[in-house]
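Please consult the sequence and the model shown here.

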Amino acid sequence: MKKLLVILLAILISGHLAIAEESTDIDMQANSLYAANRLEDAYNILVSIPQYKRTPEQMLLMGNIMMDYGRMEDAEFMYNSALGLNPRFYKAHYNLGNIYLQQDKPNMAINSYKLAIRYKREFAPAHYNLGCAYLKQGELKKAKNAFHDAIFYKPNVADYHYNLAYVYKKLGKDKNAKLYLDYYNKIENNY
């Protein structure tokens with residue numbers, strides 16, 4: 001009986017490993033095609049996977065392709081589908097925030113960015129885009145805090161410093177604005 005149980009367990013594990021290996025190969029191939037801007041080829045590989053077998057990462061990539069084609073509703077659907085499988089998938093929350101920010105829905109964007117940050121605190125782009133969403137609402141102090149967080153996690157991104165300088169200028173804090181504009185210029189001139 002123990003032998004039979006061990007054999008069944010070994011078969012089950014090897015089956016899962018084969019599926020995981022196949023999924024990894026498909027993911028690598030689709031990601032390579034996407035990186036080479038062969039969007040249709042990448043999409044065709046992903047769409048060949050039955051919907052019930054797709055991973056959140058595959059759905060995310062499909063959503064990214066939809067965004068590249070300007071099909072925002074389809075992209076939003078794919079990101080939400082990814083979140084249906086993994087509600088803590090920070091990249092899907094972040095990309096939803098990007099759609100909402102682009103659609104001039106800053107409240108929805110803020111909620112999505114906050115969720116992305118909740119699940120991946122050190123993800124600087126979510127802090128930065130959160131700041132941009134707050135700017136759209138005229139919430140300068142909240143934007144300032146978000147830009148500071150983005151700089152804390154990734155200090156060498158020029159745009160983070162530029163937008164923080166802009167916020168300080170709008171807040172009437174010219175010394176701070178100049179300081180972050182100087183950081184911006186240093187980063188820009190070093191690249």
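H5 and H6 cross in a left-handed manner (the near helix is turned anticlockwise from the far one by less than a right angle; helices are DSSP runs of H or I, at least four residues, numbered from the N terminus). The model is predicted: local features need pLDDT of at least 70 and side-chain atom pairs pLDDT 80 or more, while totals for chains, interfaces and linings use all residues. Residues are numbered from 1 along each chain as its sequence is written, and side-chain values use heavy atoms, leaving out hydrogens and water.

**H5 with H6**
- Helix H5 (residues 90-102) packs against H6 at about 160°, with axes 8 Å apart (lines fitted to C-alpha atoms over the stretch in contact; angles run from 0 to 180 degrees between N-to-C directions).
- H5 is therefore roughly antiparallel to H6 (angles over 145 degrees).
- Contact (heavy atoms within 4.5 Å) involves residues including Tyr90 and His93 of H5 and Met108 and Ala109 of H6.

**H6 with H7**
- Helix H6 (residues 106-119) and helix H7 (residues 124-137) pack at about 160°, their axes being 9 Å apart.
- This angle makes H6 roughly antiparallel to H7.
- The H6 and H7 crossing is left-handed.

- Beyond its neighbours within four places in sequence, Tyr79 touches residues including Leu60, Met67 and Ile99.

Key:
Helices (H or I, at least four residues) and strands (E, at least two) are DSSP runs, numbered from the N terminus. Angles under 35 degrees count as roughly parallel, over 145 as roughly antiparallel, 65 to 115 as roughly perpendicular and the rest as oblique.
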